[in-house]
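Thanks for coming. I will go through one protein chain, starting with its overall make-up and ending with a few residues. Please look at the structure first.

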Amino acid sequence: MSIVYDEVLYRLKEERTRLGLSQEALCKMLYMTQSHYSKVELGTRYMGFHELNALCDSGLDVNYIYTNRKPSGKYGDILSNLSYYQLYCVMNCIWFFEAAVQGRQFSGISDFVRYIPLDRKSKSDNLFFLLRQTRQLSQIKMAQILGMDVKKYRALETNKRLPDSEILFRMYKIFHIPPSVILKDENGIKNEIYINIEMIPPKDSNVILEIIHKITHTNDK
């Protein structure tokens, strides 16, 4: 993947402008000073995890900012009534259906998605720990891949440190894990599902759409 961090910063400004927000208006939503936010857009400061969560609630398309991918809107808002749990299950359905029926992937969903537990409450459920285990990497190697000191990486695995915007960027660029999965951003996960449904062959996407219809219909009862 050839994306560079400057492109993320460009799309951050693009999304802010799309919503008609000044830096001052957005930084209030993010509980940041304007001087700190200005440094974010200049690339001299990274957003912290809680600031990223606030960004997800601001109306900006965080998934697009990091991935440069947006759904076309072809399927409307068919996922609007689904919970985070159900959205996660749909994402897994897409991956498993392709693996079972096609033997290959047309969509861009990382195979790592199927390993991620929903609650992630225990130490062993840490996303970075699970990723390293599935890739059979040492902590030192994982730290090297993510471009950080091994002590800082160990802090990520033990939940003593939360991922910032730079780490989210590298997780997507290297492992193709969307930021919406790490941030548990429901709107971002919805967009990621729509994008991937659009990528798979129509006969297969119809199966996924039928599953979504059944889940939604069950919710209405």
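What pattern does the protein chain follow, read along the sequence? The pattern is α-α-α-α-α-α-α-α-α-α-α-α-α. That comes to 13 helices and zero strands, where helices (H or I, at least four residues) and strands (E, at least two) are DSSP runs, numbered from the N terminus.

A word on the source. This is a predicted model, in which local features need pLDDT of at least 70 and side-chain atom pairs count only at pLDDT 80 or more, while totals for chains, interfaces and linings use all residues. Residues are numbered from 1 along each chain as its sequence is written, and side-chain values use heavy atoms, with hydrogens and water left out.

Now the chain as a whole. Of the 221 residues in the protein chain, 49% are buried; buried means under 20% relative accessible area, exposed over 50%, and partly exposed in between, with a 1.4 Å probe and protein chains only. Among contacts (heavy atoms within 4.5 Å) with a separation of 6 or more, 68% are between residues 24 or more positions apart.

Next, the core. A nonpolar core is a set of buried Ala, Val, Leu, Ile, Met, Phe, Trp, Tyr and Cys residues joined through side-chain atoms within 4.5 Å. The largest one here has 60 residues, and Y37, M171 and I193 touch the most other members. Helix α6, residues 84–102, gives the most to this core, with seven residues. Leaving aside neighbours within four places in sequence, the contacts of Y37 include L12, L26, C27, L30 and M47.

How do α8 and α10 pack? Helix α8 (residues 139–146) and helix α10 (residues 165–175) pack at an angle of about 100°, with their axes 10 Å apart. They are therefore roughly perpendicular to each other, a term for angles of 65 to 115 degrees. The axes are lines fitted to C-alpha atoms, for helices over the stretch in contact, and angles run from 0 to 180 degrees between N-to-C directions. On the α8 side are M142, I145 and L146; on the α10 side are R170, M171, I174 and F175.

Is Q139 buried or partly exposed? Q139 lies in helix α8 and counts as partly exposed, at 22% relative accessibility. Not counting residues up to four places away in sequence, Q139 touches R132, V150, Y153, R154 and E157. Its C-alpha atom is separated by 9.2 Å from that of K151, 12 residues apart along the chain.

Technical notes. Angles under 35 degrees count as roughly parallel, over 145 as roughly antiparallel, 65 to 115 as roughly perpendicular and the rest as oblique.
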